[in-house]
Each structure stands twice: as C-alpha cells, then as structure tokens.
Amino acid sequence: MKLTTLRKFCKRTFLLSFFLLSSFAFSQITLSGKVVDSKTANIIVDPLIVVTQSDKEVKVDPSGNFSVSLPSGSYTLEVYAEGYNDQIQNLELNQDTSVSIQLVPKEEKSEQAKSSDLRISDIVLTKKTKKVDIASPQMGINKLDGAQIKEMPAVLGESDVIKSLTMLPGVTTGGESSGGFNVRGGAEDQNQVMQDNAMLYNTTHLFGFFSVFHPDAVESLDLYKGSIPARYGGRIASVLDVRLKEGNQDSLRVMGGIGTVSSRIMAEGPIQKGKSSFMVAGRSSYAHLFLPLFDNPNSARFSDLTLKTDFDLSPKDHLSVNSYLSRDVFLFEESISNNYGNIVLGTNWQRKISPNLTSNAHLSYTKFFYNLELDFLGLEFNSNMSHLKADLGFRHKISPNFSLDYGLGATYYDENPGTLNPFGSNSQVVPEQFQHKLGLESALYLSAEHKVDPKLNISYGLRYSMFQRLGPFTTLDYINGPIGVGPDGKYIKGAYKGELSYGNGEVLASFDGLEPRFGLSYQFNENNSLKAAYNKSTQYIHLISNTTSSTPLDIWELSNPFVQPQRADQISLGYFSNLDKGMYSLEIESYYKRTKNRLDYIDGAQLIAEKYIEQQILPGIARSYGIEFLFRKNRGDLTGWIAYTLSRAEQKSYNLGLGDLGVGEGVYYTSNQDRTHDLTLTGMYKLNDRWRFATNFVYQTGKPFSLVNSAYYFEGIYAGNFGQRNDSRIPDYHRLDLSATYTPPGNRPTKWLHLDSYKKEWVFSIYNVYNRHNYTSINFNQNEDTLQPQIVGTYIFGIVPSVTFNFEF
C-alpha cells in the first residue's frame with residue numbers, strides 16, 4: 001500500500017510541475033542548433049556559447065545540440081572552443097530558429113578573423129576558460145575529450161581511456177594487469193560502460209595493458225560517480241559514457257600511429273558529401289612476432305575494429321550505425337590456448353520533434369565471448385555473455401528554467417556459463433553444456449532540472465526498474481538453503497530433496513525497485529557553490545570472482561531465487577570554486593555509499609565450471625566513504641591537476657543463523673577495492689609549436705590480500721594456512737611517467753592523394769621512470785630449488801621506454 005501511494009505521489013508531482021511550468025514557454029522564442037568543425041563537420045565537444053544581451057551561457061548536450069529560449073529581438077552569440085578561432089554571430093529572432101555554427105581551426109583564419117584583429121579582453125578570456133560548472137546541480141562527474149586523453153603519457157606509447165580515468169579522484173584499478181576500473185570503492189562489475197550507448201562487459205586488452213577504446217576514434221567521455229542521471233540504470237557504482245567521433249562529411253582524412261608493440265589507423269570521410277559519413281578505426285599488436293627470437297614459447301596479441309556511419313536523413317533526423325569487434329589471443333608454452341573478445345552492433349536515431357523536444361532511440365546487441373583450450377587435459381571450454389538492448393528517451397525544454405528527461409528501456413540477457421568439449425584424440429573429457437541463464441530488465445524514468453532562482457538549481461528524478469529471471473532452467477530444491485555448515489564449522493553445499501524445473505519463458509523470480517535521484521546546487525556568488533546529491537540504484541547482474549581483480553574467466557550471475565539484486569544508496573556533499581577568473585578551479589566532494597546484497601565467495605570456493613554457483617557464495621553488506629580533492633590549472637602553457645582521495649571500502653557477509661559467523665567472522669573487512677590514499681599529479685606543458693611535454697605521478701595504498709600466516713608439510717608438499725580475509729596489503733603502488741611530443745615544422749603537400757597536407761609527430765615516453773617494481777599479487781608456494789615454503793611477489797612492468805610515430809593526412 002505504501003509503495004502504491006508513493007508511486008501516485010511521484011506521478012502527480014511530476015505532472016503538476018509539467019503543467020504549471022509549461023505556461024512560461026509560450027512567450028519565448030527558441031534558438032537551437034549545433035556547433036561543428038568547419039573542415040570536418042564533426043561535432044565540437046563542450047563549446048562555450050554566450051548570448052551577450054542576456055549574459056546567458058547556453059548548455060550543449062552530449063550529442064552536440066544546444067537550445068535556449070529568448071524573447072524576440074536582436075542578439076549576439078559569442079562562440080568559443082579550445083583549438084578553434086572565436087566566432088561572433090548577430091541574429092534577429094522573431095520566430096523559432098535553428099542554426100549550424102561552424103568554427104574554424106586555429107591553424108586557419110576565417111574571413112571574419114582576417115578582417116578584424118580583435119584583442120581578447122579579460123572578460124572574454126574568462127568566458128573561454130573551461131571552468132568548473134558551479135551552477136549545475138550535477139556533481140560527481142568528470143569529463144575528458146579526445147585531445148586531453150592523447151596528451152597524457154601512457155604505457156607502450158599509446159593513449160588510453162581507462163588509464164586516463166585513473167588520474168581522476170575516486171577512480172582506481174586493481175593493478176597493471178587487471179581489467180576494468182573501480183569507482184569509490186565499487187567493483188568492476190558495478191560500472192556501466194557504454195560506447196555510443198551500447199554496453200560493454202570487457203573493457204581491456206591483454207588483461208588490462210590496453211583499453212578497448214581506440215584513442216583516435218573517441219570524441220569525448222563522461223564519467224558519473226555521484227548523482228547519476230535517472231536515464232542511466234542497471235549499475236550501482238558509476239556510468240562511463242564514451243562517444244565516438246562522427247566521420248568527416250566533407251573530405252577524406254586518415255590518421256594513425258606506429259608504436260613499439262602495436263599500431264593503429266583511423267580513416268574518415270564522406271559517403272554522400274554533406275549528408276553522410278563513415279569512420280573506421282583499427283588496431284593490432286605484433287609483439288608476438290618477436291618473442292620466438294628470444295626463445296620465448298609464449299605469445300600474446302590483440303586486434304580490434306571500430307566502425308561508425310552517420311546519416312543526416314533530414315534537417316530533423318540523424319541516424320548513426322556503429323559496430324565494434326575485438327579479439328585477444330594468448331598461447332602459453334603451446335599447451336594452453338586462450339582467446340576472448342567483444343562483438344557490438346548498435347544504432348542511434350535522434351529526431352528533433354520541435355525546437356524544444358528531441359527524441360533519442362537506441363538499439364544494440366553486445367556479446368562477450370571466452371574460449372580456453374588445455375592440451376594436457378584434452379579440454380575445450382567456451383562461454384559467452386550477450387544481451388539485446390533497446391531505449392527510447394526524450395529531452396523536453398519546457399521553459400528557460402525547467403526541462404524534463406523521460407523515457408523507457410529494456411535489456412534481454414542470455415548467458416552461456418560454459419560448454420565443455422573434448423579436445424584431441426586422447427581426451428577423456430565428457431561433453432557437457434551448462435544451462436543458459438536468461439533474464440529481462442526493463443525501466444521507466446522521469447527527471448527534471450529546475451532553476452528555482454539565480455542561486456538555486458535542483459534536479460530530481462525517479463527511475464522504476466524491473467527484472468525477471470526466465471526459464472527454461474532447472475534449480476535444486478534445497479531443504480534449508482544452498483549452503484550449510486559442517487561439523488567443523490566450515491561451509492558445505494546445502495542438502496536438497498530434488499529438482500525444480502521451469503519451462504520456456506516461465507518466471508523463476510522477479511524483482512523491482514524505485515530509484516530516486518536528487519541533486520542541488522546553491523551559488524554563494526558567481527565563483528563559489530555548494531552541492532548535495534542523493535542517488536539510489538539497483539543492479540540485477542553480478543560478477544563473481546575469487547581473485548583480487550577481475551579476469552575474463554570470472555562468472556556473471558543473474559539475480560534469481562537465491563541471489564538478490566544489489567541495491568545501493570549514496571549521499572554526497574561538495575564545494576566548488578573558480579579562482580582567479582577561472583585560471584584555477586577547486587572541487588571537494590565527500591560521499592558515503594552503502595550496498596545491500598553484495599556477494600562474496602566462501603573460503604575454499606570453486607567457481608569455474610560450477611553448475612550451482614549459489615553453493616559457493618554468501619550475500620552481505622558493503623560500505624564505502626571518503627573525500628575527494630581536485631585542483632586544476634585550466635589555461636596557459638602549463639595546465640594540469642592534482643587529485644587526492646582519502647577513502648575506505650569495507651564489506652561483511654550475512655551469517656546463515658546456523659552458528660556460523662559468515663566470511664571474515666561476520667565483521668567488516670577491507671574489500672579488494674580499498675585504497676586508503678590515492679594521489680595523482682598530471683601536468684602538460686607546451687614549450688612551443690614543436691615541443692609538448694606531459695607527466696603523471698601516481699601513488700596508491702597497496703591493495704588488500706589474504707596472507708598465509710603458517711604452513712604445514714603434507715606428502716612432500718608445503719601448504720599454507722590463511723589468516724582473516726584481506727588482513728594484509730601488498731606494498732604501496734607508485735610510479736612516474738614522462739612523455740615528450742615533437743611536431744616537425746610545416747606541412748608537406750600530398751598531391752598524389754589529392755590532399756592538401758599531412759601532419760606528423762614523434763612521441764617519446766617513459767612509463768615508470770624510476771623502475772618501481774609494483775606488485776600485482778603476492779602468493780605462497782614452494783621453492784623449486786630448496787623445497788622450502790616461500791612468499792613471492794609478482795610484478796608486470798619495470799621501466800618501459802617507447803617511441804610512437806603519429807601521422808595525419
């Protein structure tokens with residue numbers, strides 16, 4: 001009854017707001033449009049548009065569209081973007097108007113710029129600076145564009161989206177060989193990662209050495225850590241929204257790079273000039289070709305391909321189609337073969353229904369596959385996780401001070417946990433197909449952004465999500481649950497009396513939940529504000545692992561009668577300031593997050609090829625809290641930031657009420673994602689038109705692990721006794737990276753390609769300058785020579801110098 005009442009209240013509140021505030025819109029004229037590159041017709045990310053007569057700063061959405069409501073009259077638009085000449089445009093508004101603003105890259109001079117040598121005043125310079133948005137109620141968001149990502153030094157000479165994120169506060173990884181990233185103490189599976197709205201399960205190549213995102217194909221990205229908008233759902237830690245570039249509608253353009261371990265290339269151009277375009281980008285590694293020269297029997301390589309086409313179907317309709325394919329291959333001493341990868345197909349259709357109303361429709365298919373062949377066992381193991389996703393959303397500007405986002409979506413999951421097949425003529429393996437796991441997740445959402453007065457801005461929304469676990473599927477009919485307690489106090493598999501079978505499409509279990517979202521910003525003055533946010537989210541799929549960082553072999557599990565969905569509540573409070581006319585900015589955010597039904601494995605769990613995973617896991621509670629500092633220098637030859645996070649991430653499991661204490665004796669213990677201190681320094685310096693320099697310094701508290709505290713000898717082998725869960729830490733992680741980019745003078749014509757010029761640059765980088773051995777794991781084993789027990793640390797990289805040649809024509 002209470003839930004029904006709450007739903008009615010929320011519905012009536014939103015409808016009342018809609019009708020009361022819509023009356024203000026009819027006396028206004030709407031100016032809308034987009035800002036594009038004059039040469040390539042690509043959307044320009046994060047331009048600054050100022051209406052001088054009203055002193056309004058116009059917001060641009062992630063698709064590059066802007067809209068502002070004004071009374072009729074004469075106006076002047078000032079448009080600024082980093083790397084482009086400024087543009088001033090006079091407009092006479094007496095009806096709804098749509099414009100396309102084309103900015104000229106700085107290496108060229110527009111006719112307007114040639115005819116007027118305007119000095120930039122302090123006021124204009126301040127407007128151009130990328131200051132922190134103190135007015136928006138959105139907090140816990142970080143934005144990067146492709147140019148910023150490329151300026152950062154990275155391992156093996158290639159810019160990397162994931163590693164760039166770890167330079168920001170509240171974002172860490174499990175180490176140099178781990179896949180994915182962690183946000184505010186959350187696990188890798190709690191991040192929703194999207195490329196042009198299509199979700200990805202695996203985000204790295206070579207177990208974390210490279211990101212799956214092609215650096216030349218990325219236009220921009222947004223990382224939401226705090227007040228996640230209501231249009232996003234299905235994950236409880238963060239949302240990473242990566243947007244791909246649109247192809248050049250005017251002319252062919254090719255760029256790429258040749259590095260020490262891998263090379264890449266990207267080409268873009270028109271399909272029909274001025275109306276449609278393509279963009280194709282590929283990468284491949286080739287280190288495996290050189291390993292045999294050093295008598296190394298192992299091999300590792302990856303390749304990927306990104307393709308996007310864009311079509312302007314009409315002045316109001318834009319359609320994009322994209323695909324992504326990737327594959328990683330490992331061969332260990334010719335006895336273990338391992339490969340995995342992604343298949344993604346997606347389409348987005350944006351329609352401008354009216355100057356104030358835009359719709360976005362999305363459809364995509366994603367599949368992550370994994371294959372393992374063990375020659376010495378004659379075994380082949382295959383698994384995959386796939387889904388079909390459809391969304392329809394609307395953005396509605398009701399008045400200059402009030403706008404709505406609303407829509408619905410659904411995702412159909414199909415997981416193949418594994419197929420076992422014999423491999424080789426002498427194999428004793430019995431073929432077996434594990435049961436597919438099916439589920440349907442759907443959601444409705446409605447959110448509003450409301451400027452109450454010049455100082456107070458609020459956003460509020462509600463998301464209602466539902467999940468159904470579907471058959472066909474057969475479960476065990478447990479007597480007292482999937483886990484029991486043995487005479488020695490250790491967990492054992494629960495007793496059962498038979499099986500329960502569900503037919504095709506039959507519902508095994510269903511769940512739902514209301515997810516309110518709220519944000520508030522109060523401006524003390526034009527340079528300082530205080531923000532607060534509350535976020536509730538639900539996650540219906542789980543990644544189960546008994547390693548300290550995720551691997552492709554980890555197990556995905558859909559919520560079911562024995563595994564409840566994860567539900568998280570997060571509150572955050574922050575102070576934001578622009579200093580010295582935007583030359584510097586300061587962001588301070590604190591947060592507290594509590595998660596219910598976080599899964600952890602029992603001691604001695606065997607997860608691989610386990611038919612009934614509920615017998616190996618216990619649900620529990622996770623909590624994380626901390627404070628984040630981000631100080632930026634926003635303009636000048638020297639730019640960069642200092643980021644520091646002080647945090648704690650803990651969890652504990654529920655007990656079964658059978659005299660057991662749960663994992664870790666039922667008390668909070670540090671989770672795998674806990675990093676008490678996280679400090680990063682990022683600097684970029686432009687010496688002149690030929691030389692640019694960049695540096696990173698990273699320091700993190702060592703990640704937790706369970707240490708062997710004693711050993712015993714049994715049948716010629718030493719075995720270890722472990723202490724409490726995550727009772728120790730590996731040594732602290734720190735490193736320094738440097739890079740220098742040299743751009744030779746001048747552009748050389750390439751008449752044989754009918755192109756005007758080409759650009760080139762050399763990137764010299766050193767990863768881990770002082771050769772720090774940062775351990776990724778510490779393990780107990782027996783020394784092969786002395787046969788004595790020992791504890792051994794493993795690290796991946798020491799110092800790694802690299803050279804990359806980049807080109808563009």
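N197 is partly exposed, with a relative accessible area of 30%; here buried means under 20% relative accessible area, exposed over 50%, and partly exposed in between, using a 1.4 Å probe and protein chains only. This is a predicted model, in which local features need pLDDT of at least 70 and side-chain atom pairs count only at pLDDT 80 or more, while totals for chains, interfaces and linings use all residues. Residues are numbered from 1 along each chain as its sequence is written, and side-chain values use heavy atoms, leaving out hydrogens and water.

Back to N197, which sits in the loop between β11 (191–195) and β12 (198–200); strands are DSSP runs of E with at least two residues, numbered from the N terminus. Its phi is near 75 degrees, a positive value in a residue other than glycine. Most residues other than glycine have a negative phi, and most peptide bonds are trans. N768 also has a positive phi, of about 65 degrees, without being a glycine. You will find N768 in the loop between β50 (755–767) and β51 (775–782), and with 0% relative accessibility it counts as buried. For a cis peptide bond, look at G471 and P472, where omega is about 10 degrees. P472 belongs to the loop between β28 (456–470) and β29 (473–478).

Now to the charged pairs. The whole structure holds 29 salt bridges, each defined as a side-chain nitrogen of Lys or Arg within 4 Å of a carboxyl oxygen of Asp or Glu. In one of them, the side chains of R598 and D189 meet at 3.6 Å, N to O. R598 lies in strand β38 (residues 584–601) and D189 in the loop between β10 (182–183) and β11, so the pair ties together parts that are 409 residues apart in sequence. Both R598 and D189 are buried.

Another salt bridge joins R231 and D405, with the closest N and O atoms 3.4 Å apart. This pair links distant parts of the chain, 174 residues apart: R231 is in the loop between β15 (218–224) and β16 (238–244), and D405 is in strand β25 (residues 402–422). R231 is partly exposed at 24% relative accessible area, whereas D405 is buried at 13%.

Finally, R623 and E650 form a salt bridge of 2.8 Å, N to O. R623 comes from strand β39 (residues 617–633) and E650 from strand β40 (residues 638–653), 27 residues apart. Salt bridges that share partners join R623, R648, E650, D674 and R729 into one network.

Conventions:
Helices (H or I, at least four residues) and strands (E, at least two) are DSSP runs, numbered from the N terminus.
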